[in-house]
Amino acid sequence: MKIQILTVGKLKEKYLTQASHEYLKRLSAYANVEIREIAEEKTNDSPSDAIIEQVKAKEGERLLKHLSPDTYLFALAIEGKTLSSPQLAQQIDHLTTYGKSHLTFVIGGSYGLSPAVIKRADQLLSFSKLTFPHQLIRVFLLEQIYRVCKINRGEAYHK
């Protein structure tokens, strides 16, 4: 199984980088996981709605360039479907069993994802209705992918 994580922006805090590296190390026994960081558009501290839409569009174009046509795309979005870890594990097991061995998860920037990325997504996935920094979501996502792999292999993992 090949898993690609496309994310807008780089990790800035050392503790998040360490956590990300730890989960990538753990995941190496289960899947080929690649993280691609896409440049984040710069704006002033209080951009207009029009500027925010331009930012999302530019970031979206960059994200879409890194998608292969055969990948199954999970877009992380607050309006997405909330799944339990076992439900996500079951869905990924189903996808890989029936020919989808390339999965991509996309994490937008500070303002979210462009409509073009949302439209391309096979599924919108939400971790919560709460708002989290997109950098922290990367660690959450890696942990959940690791948990999914453990569940699907029938291995113990704390609840």
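Residues are numbered from 1 along each chain as its sequence is written, and side-chain values use heavy atoms, with hydrogens and water left out. Because the model is predicted, local features need pLDDT of at least 70 and side-chain atom pairs count only at pLDDT 80 or more, while totals for chains, interfaces and linings use all residues. Helices (H or I, at least four residues) and strands (E, at least two) are DSSP runs, numbered from the N terminus.

We can start with the open spaces. On a 1 Å grid over the protein atoms alone, a pocket is an open set of points where a 1.4 Å probe fits, with protein on both sides within 12 Å along at least five of seven lines; lining residues have an atom within 4 Å of a point. Grid points are joined across faces, edges and corners, and a volume is the space filled by probe spheres set on the points. The largest pocket has a volume of about 520 Å³. Its lining comprises 23 residues, and nearest the centre lie Leu 76, Ala 77, Ile 78, Gly 112 and Phe 132. At least two lining residues come from each of β3 (72-82), β5 (123-126) and α5 (134-152), with β3 giving the most, four residues. By class, this lining holds 13 nonpolar, eight polar and two charged residues (Ala, Val, Leu, Ile, Met, Phe, Trp, Tyr, Cys and Pro count as nonpolar, Asp, Glu, Lys and Arg as charged, and the others, Gly among them, as polar).

Two or more of its lining residues are supplied by each of α3 (85-97), β5 and α5, and α5 gives the most, with three. The lining divides into five nonpolar, four polar and one charged residues.

Glu 143 also takes part in a salt bridge (a side-chain nitrogen of Lys or Arg within 4 Å of a carboxyl oxygen of Asp or Glu). Its partner is Arg 147, at 2.8 Å, N to O.

In total, the count comes to ten salt bridges. One of them joins Lys 10 and Glu 37 at 3.5 Å, N to O. Lys 10 sits in the loop between β1 (2-8) and α1 (14-27) and Glu 37 in strand β2 (residues 32-38), so this pair ties together parts that are 27 residues apart in sequence. Lys 10 is exposed at 55% relative accessible area, whereas Glu 37 is partly exposed at 35%. Lys 10, Glu 37 and Arg 138 are linked in a network of salt bridges.

Helix α2 (residues 49-65) contains Glu 59, which is buried yet has no salt bridge; the nearest side chain of opposite charge, Arg 62, is 5.4 Å away (Lys and Arg count as positive and Asp and Glu as negative; His and the chain ends are not counted). Leaving aside residues up to four places away in sequence, Glu 59 touches residues including Val 8, Ile 38 and Gly 112 (contact means heavy atoms within 4.5 Å). Val 55 is found in helix α2 and is buried, with a relative accessible area of 4%.

Conventions. Buried < 20%, exposed > 50% of the residue type's maximum accessible area, 1.4 Å probe, protein only.
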